[in-house]
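Notebook open, structure on screen. I'm jotting down what I look up as I go.

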Amino acid sequence: EKEVLQLSLGERDKISFQRENLKRVSSFLSFDENKSKRVVDFSQQPQNKALSENSDDESVHSTLRKSLFKKSDNVHKNTEFKAGSVDVKEIGTYLNTSENKKQVTKEVFLRNNHHAPITKDSDFTLHRVNNEEIVSENGIKIQSFSNASEILDVTGATGRKLEILRAVTEIPTQFRSIFKEFPYFNYAQSKALDDLLYTDRNFVICAPTGSGKTVMFELAITRLLMEAPLPWLNIKVVYMAPIKALCSQRFDDWKEKFGPIGLTCKELTGDTLVDDLFEIHHADIIITTPEKWDSMTRRWRDNSIVQLVRLFLIDEVHVIKDESRGATLEVVVSRMKTIQSSLWRHLEKHDTLPPLRFVAVSATIPNTQDIAEWLSDSKIPAVCLKIDEDQRPVKLRKIVLGFPCSDNQTEFKFDLTLNYKIASIIQTYSEQKPALVFCATRKGVQQAASVLAKDAKFLLSIEQKQRLQGFANSLKDSKLRELLTYGVAYHHAGMEISDRKIIEGAFTVGDLPVLFTTSTLAMGVNLPAHLVVIKSTMHYVGGIFQEYSETDILQMIGRAGRPQFDTTATAVIMTHCSTRERYIQMLNGADIIESSLHRHLVEHLNAEIVLHTVTDVRVALEWIRSTFLYIRALKNPSHYGFSSGLDKVGIEAKLQELCLKNLNDLSAFDLIRMDEANNFKPTETGRLMAWYYIAFDTVKQFFTIKGTETLNELITMISNCTEFVDVKLRTNEKKILNTLNKDKDKITIRFPMEGKIKTREMKVNCLIQAQLGCIPIQDFTLTQDTGRIFRNGLRVT
């Protein structure tokens, strides 16, 4: 410390740190004139963003040292749920440091995250739970969870060696506005900065949700702009995320950040019309989903756009393990690699072809190295950076609660019983800060909100009550209006957009204590909360209950923690006793990521044959070698149905066998043919299947068409297509659909179906006929579904 350059008051003012702030916390400031960049050493643990200064007042210095770096004995104890009540103090042990520490940490944190003004935390507390149970001043009686909980990952405010955080002033002046919201990059970003900003190497980062990964993508874009000569005409950046809502969020964010420096962004998702595609020629940053980019690149030979892509950003790359969507992500990336190498082969002057760079971000997974191996090019391996969970800017406590479910209890009933457990969870973990509760269905969201409003009373300040009343008066939904005055609200995609915006506003400013929402909508709306509760791990998809995917769970948990206000956050998962262990494993990031390409190989092989990427069996195997499936099959053959004793040659032979089986299936339906030289040639039908992105099962079904079908039979056949699998039949829609199907007093569809509407296929059929028959439908969600059916239906037909 003695050797640290002493700064005069004038210099301190220049650095825009106020004297009193520096006094309150300790800091090392060093100034390197040669590099003209400022560096501040922060504690490696982001929640203690404590600066450390040679303070004249030694006592202040030592007191702060103690309070900021005090080790807590109780840190690693698990919460004990005692019969009948919860010891709330035990749960919050690692927060129970002095008021002084809270104040210091909070203010330092705010200063390093200039995202929002310093506002007082909302002040609400639970007042009553149920009629029979009375609340004491400092605690609450609740039902016992009998050892249901396990706290994973609690780390105390222990002192660590100081790490250097990089300053935003390192960025060239013309790009600095992109990072204007903060003066220093956080720990994870600082660690990645050298590789992202000063090299062109492919890069994989494994970081917990909420550790600032978007900034890492922005650093990679900045690198590209620094290197590319002006004007930036022939460069394109592709950002690919698995969820449309994430794409919309990134689009709004980047339009604002990159617009002023002259870059245009274009969103390209399932909702984008084909007419918009020409606009992409003028876009610099294309924001898309794997499915949409797949359908685009299936036409890449006559699409020069794809050949201009210089930077390919993959968000949530762990989605590759998702059984329904992972294969698409995998083939898209493999195709981009193949396009690059084929362009490389055809160009004599290699120096005229700038390389394509991949930057991928993943949640915490054990085999990030496999992803890096897959993204490495032939010459240089990709950089693989792992950021530990304890480096998350807001420390996350994860709790899994298991609840008993008897054999005769349906999933619906189990879900209903959980509604009555929410009040006690919020009381125990929310620390009187905003809580977000995820529910499986729209109806479930409303039911759970109503139960909580009856079960618990929040102590709201007079100002809060007045503001909530103001919000409530603007709402169209009368049920929601009533709930909002209790401090509870719900939020889902079937609501009026104006109502949704009002609720989001009330929650964001901290006036609304608890918000219930569906998992799908909240993925795309940035609603951070101090406490996130996932109420049941099952959701209703296509008429059946199934578990959320790991990506969904991680996305929901990622909403925990408001960087401007919190240094800690909590996520609680409510599940069956039987599945509790599985979620604990998942949250520890212990699930190895495997490929699911082998399950969808037939459609993707056909697409590559249509693109002439795959021309014969030898090339088919070469293509397989560029996939993630190949990397994982060598390491874990038994997962892919191969015997575990096989060597590399044996596994490659098995993969070739798998290829041949799928090629024979394609050939059997005349989707591909073989010429004399054993080269594959796509047929017209195969070409249509690839161009219009049709599932193999749908094509097989269309081969049964004789040409004598009636209009009614054709509509029934189309309604059964795999393409409509994501249309859900909701209980509250059945009445409207049955009226459309048969009603002597109203206009009904042309070909009514037998019996009541009880399947997804019948719903699709009914909506197609209503639209073609110009029958108006008042229900907002059914109108949304009709739009989706016609977008996919146009491809299929």
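I started with helix α30, residues 760-772: its 13 residues reach 18 Å from first C-alpha to last, close to the 18 Å expected at 1.5 Å a residue. The expected span is 1.5 Å times one less than the number of residues. Helices here are DSSP runs of H or I with at least four residues, strands are E runs of at least two, and both are numbered from the N terminus.

Before going on, a note on the source: this is a predicted model, where local features need pLDDT of at least 70 and side-chain atom pairs count only at pLDDT 80 or more, while totals for chains, interfaces and linings use all residues. Residues are numbered from 1 along each chain as its sequence is written, and side-chain values use heavy atoms, with hydrogens and water left out.

Is α30 mostly covered or mostly open? Mostly covered: 10 of its 13 residues are buried. Buried means under 20% relative accessible area, exposed over 50%, and partly exposed in between (1.4 Å probe, protein chains only). I noted Arg760, Lys763 and Asn765 among the buried ones, along with Met762 and Val764.

What does α30 pack against? Its buried residues pack against α28 (711-719), α29 (734-741) and α31 (780-796). Contact means heavy atoms within 4.5 Å.

I then looked at the α31 pairing. The axes of α30 and α31 come within 10 Å and cross at roughly 90°; axes are lines fitted to C-alpha atoms, for helices over the stretch in contact, with angles from 0 to 180 degrees between N-to-C directions. The two helices are therefore roughly perpendicular (65 to 115 degrees). On the α30 side I find Lys763, Val764, Leu767, Ile768, Gln771 and Leu772, which meet Leu782, Asp785, Thr786, Ile789 and Phe790 of α31. By class, that contact has seven nonpolar, two polar and two charged residues. Nonpolar covers Ala, Val, Leu, Ile, Met, Phe, Trp, Tyr, Cys and Pro; charged is Asp, Glu, Lys and Arg; the others, Gly among them, are polar.

Just past α30, Cys774 takes a positive phi of about 55°.

Next, the largest nonpolar core, which has 65 residues. Such a core is a set of buried Ala, Val, Leu, Ile, Met, Phe, Trp, Tyr and Cys joined through side-chain atoms within 4.5 Å. Phe516 is one of the residues touching the most other members. Leaving out residues up to four places away in sequence, Phe516 touches Ile422, Val437 and Leu452, among others.

Last, the whole protein: 31 helices and 25 strands, with 55% of its 797 residues buried.

Note on methods: Angles under 35 degrees count as roughly parallel, over 145 as roughly antiparallel, 65 to 115 as roughly perpendicular and the rest as oblique.
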